[in-house]
Every structure is written in structure tokens, then in C-alpha cells.
Amino acid sequence: MSTNGCTRAHMDLTIPQSPFGGRVIKTRELSGLRLVDGVYSAKTKVPGHSHEQAVFCIALNGACSEVYANKVREYQAFTVEFLPSHQSHSLAFTGAETRAFSVDVSSYWLERAREYSLRLENSVHCHGGLLSGLFMKLYSEFLQMDSASPLAIEGLTLEMLAEASRRQVNVSDRTPPRWLTRARELVHAQFSEHLTIAHLATSVGVHPVHLAREFRKFYRCTIGEYVRQLRIEHACRALYASDAPLAAIASAAGFSDQSHFSRTFKRLIGVTPAEYRAGFHRR
């Protein structure tokens with residue numbers, strides 16, 4: 001779902017508009033990576049196409065549907081995709097304007113990854129979690145861009161490739177039991193409240209230790225880390241879409257106070273909430 005990386009006939013990054021209605025806000029190229037921040041208009045469709053290079057893409061706001069390998073995949077804010085080169089997909093942006101950030105990854109990077117036996121031949125589609133957090137840190141480096149950012153971006157790209165490789169396992173190995181899916185749904189519904197593992201375990205009828213172990217196994221993070229990520233995602237959406245005070249955003253996301261919110265936000269995203277909001281306004 002990137003606004004870049006299609007074959008050259010589809011899009012030229014030197015022009016502000018694409019044939020598909022996508023608008024490039026800002027782009028950078030460094031060390032075999034092409035980073036693009038762009039926007040798709042509502043009711044836009046991108047026909048089937050492939051990318052010459054592998055690409056990571058994250059939705060920053062809005063939503064879209066993708067058809068890939070004859071299956072429909074849904075995207076909303078903080079959904080991440082890794083798409084290997086020359087694999088076809090199509091996109092439909094049916095709702096409001098959608099902003100997306102993408103990174104084209106040259107073959108040089110994939111060759112480096114293969115030296116460490118990373119598996120990157122299949123697509124990855126996930127929402128939130130470690131890969132989303134790494135990508136948002138990379139995006140913050142892209143927005144702020146100082147002398148250390150190129151090195152930070154290279155390091156984050158390597159971490160993202162490693163995480164994408166870890167996710168390329170058999171689908172059967174990653175199908176959670178129904179009770180665990182229910183626990184995850186409860187976390188999504190109550191992330192801004194005071195949640196405890198004991199409460200979640202009782203709600204789905206399992207032992208707290210079993211819940212904690214299985215949650216980490218299937219979702220690659222602890223329940224506490226997952227809740228924290230959901231709260232930060234909620235805050236990011238509010239920072240993008242509104243001018244609400246930081247204290248109000250912190251409270252709505254479930255943080256006890258603004259200082260705790262700001263510390264957690266900077267640790268996970270790489271910049272303060274105010275810097276993140278300002279970065280979106282520099283268009």
C-alpha cells in the first residue's frame with residue numbers, strides 16, 4: 001500500500017501527483033532505501049501492480065483494503081505490510097483520506113539479510129506490535145532528520161527485516177486458540193482502563209500464567225507491552241487528527257498523567273508527542 005515503489009511507468013517521484021490520486025508529501029533516499037511519506041485521496045483505487053523492490057509500508061491514518069494472493073487484507077492506522085519484490089497486489093481506499101509511509105528496500109539489503117539466514121520471500125501483514133513500533137521509530141527519524149538519522153534508519157531497517165523474517169512461519173503455527181483471541185479482543189476494548197492479567201484470565205477461563213505465556217508466544221510481546229502499544233497508537237491518531245491538549249490525549253489513552261505519557265511516547269516512538277504532532281504539520 002505504498003505511495004511509491006510501483007514500476008516507473010506507474011509513478012515518478014519527481015512529480016507531486018500520481019496517476020492513482022496519491023500525493024507525495026516528502027521523500028528521501030539513502031543507503032539503498034527510498035523513504036516516502038504520502039497521501040491517498042478517498043474513493044481511490046490502485047489496480048493490480050507489483051514493485052521492483054521489496055517494500056515496507058505502514059498506515060498512519062485512514063484505512064484501505066488490499067487484494068493479495070486472492071485474499072483481502074484490511075489496513076488501518078498502524079497496520080504494517082512487508083511485500084517482497086514482484087508480488088502483485090491492488091488497493092482500494094474507500095473511506096477518508098489515508099496517509100501512509102513506505103520504505104523501498106534495495107536488493108543490497110536483502111542480500112545482507114540472507115547472509116544471516118533471514119527468510120523474506122513471503123509477505124507479512126500485521127497490526128501493532130514490535131514491527132509497528134520499529135516502523136514508527138523509523139518514521140520519527142524521517143520526520144526529524146538530523147546527522148544521526150541515517151545511521152538510526154539503517155539500524156531500524158535491519159531490525160524490521162529481522163522481525164519480518166521471524167513472522168514468516170506456517171499459518172498453522174500462528175493460529176491462536178479461541179480463548180486467546182477473546183483475550184486479545186478484551187485488551188483492545190479496555191486498553192485505556194486499569195487491566196490486570198488476573199481479570200483477563202478470569203474473563204476467558206484460563207490460568208493467569210497460561211494466559212501470559214500463550215499471549216507472548218502468539219503475539220510476540222507481553223500483555224503489558226501490547227496495552228502500552230495500543231495506548232500510544234490511540235495517542236498518535238489523536239495527535240494527527242485533533243488539536244486536543246496533550247493532557248487530554250494522555251488521559252483518554254489511559255495514562256495516569258501527561259509526564260508518564262510523554263516519557264512512554266518518546267521511548268516507543270522516538271520523539272515527544274509535541275514533536276510528533278509538529279512533524280505532521282510540516283507538509
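A search of the whole structure finds one cavity of 30 Å³ or more. The model is a predicted one. Keep that in mind on this tour.

**Stop 1: the cavity**

Select His 127, Gly 128, Gly 129, Tyr 226, Gln 229, Leu 230 and Glu 233. These residues line the largest cavity. The space inside is about 40 Å³. Which helix gives the most to this lining? Colour H7: it supplies four residues. Now colour the lining by class.

**Stop 2**

Next, select Gly 129, Leu 130, Glu 225, Gln 229 and Leu 268. Of the 14 residues that line the second largest pocket, these are the closest to its centre. The volume of this pocket is about 330 Å³. Show helix H2 (129-144), helix H7 (223-241) and helix H9 (258-269), which each give two or more residues to the lining. H2 has the largest share, with five residues. How does the pocket lining divide by class? Five residues are nonpolar, three are polar and six are charged.

**Stop 3: two crossing helices**

Move to helix H5 (residues 197-204) and helix H6 (residues 208-219). Their axes come within 9 Å and cross at roughly 95 degrees. Angles of 65 to 115 degrees count as roughly perpendicular, so that is how H5 and H6 lie to each other. Which residues of H5 and H6 meet? Select Ile 197, Ala 198, Leu 200 and Ala 201 in H5, then Pro 208, Leu 211 and Ala 212 in H6. This contact has seven nonpolar residues, no polar and no charged.

Technical notes: Residues are numbered from 1 along each chain as its sequence is written. This is a predicted model: local features need pLDDT of at least 70, side-chain atom pairs count only at pLDDT 80 or more; totals for chains, interfaces and linings use all residues. Side-chain values use heavy atoms; hydrogens and water are left out. On a 1 Å grid over the protein atoms alone, a cavity is a set of points where a 1.4 Å probe fits but cannot get out, and a pocket is an open set with protein on both sides within 12 Å along at least five of seven lines; lining residues have an atom within 4 Å of a point. Grid points are joined across faces, edges and corners, and a volume is the space filled by probe spheres set on the points. Ala, Val, Leu, Ile, Met, Phe, Trp, Tyr, Cys and Pro count as nonpolar, Asp, Glu, Lys and Arg as charged, and the others, Gly among them, as polar. Axes are lines fitted to C-alpha atoms, for helices over the stretch in contact, and angles run from 0 to 180 degrees between N-to-C directions. Angles under 35 degrees count as roughly parallel, over 145 as roughly antiparallel, 65 to 115 as roughly perpendicular and the rest as oblique. Contact means heavy atoms within 4.5 Å.
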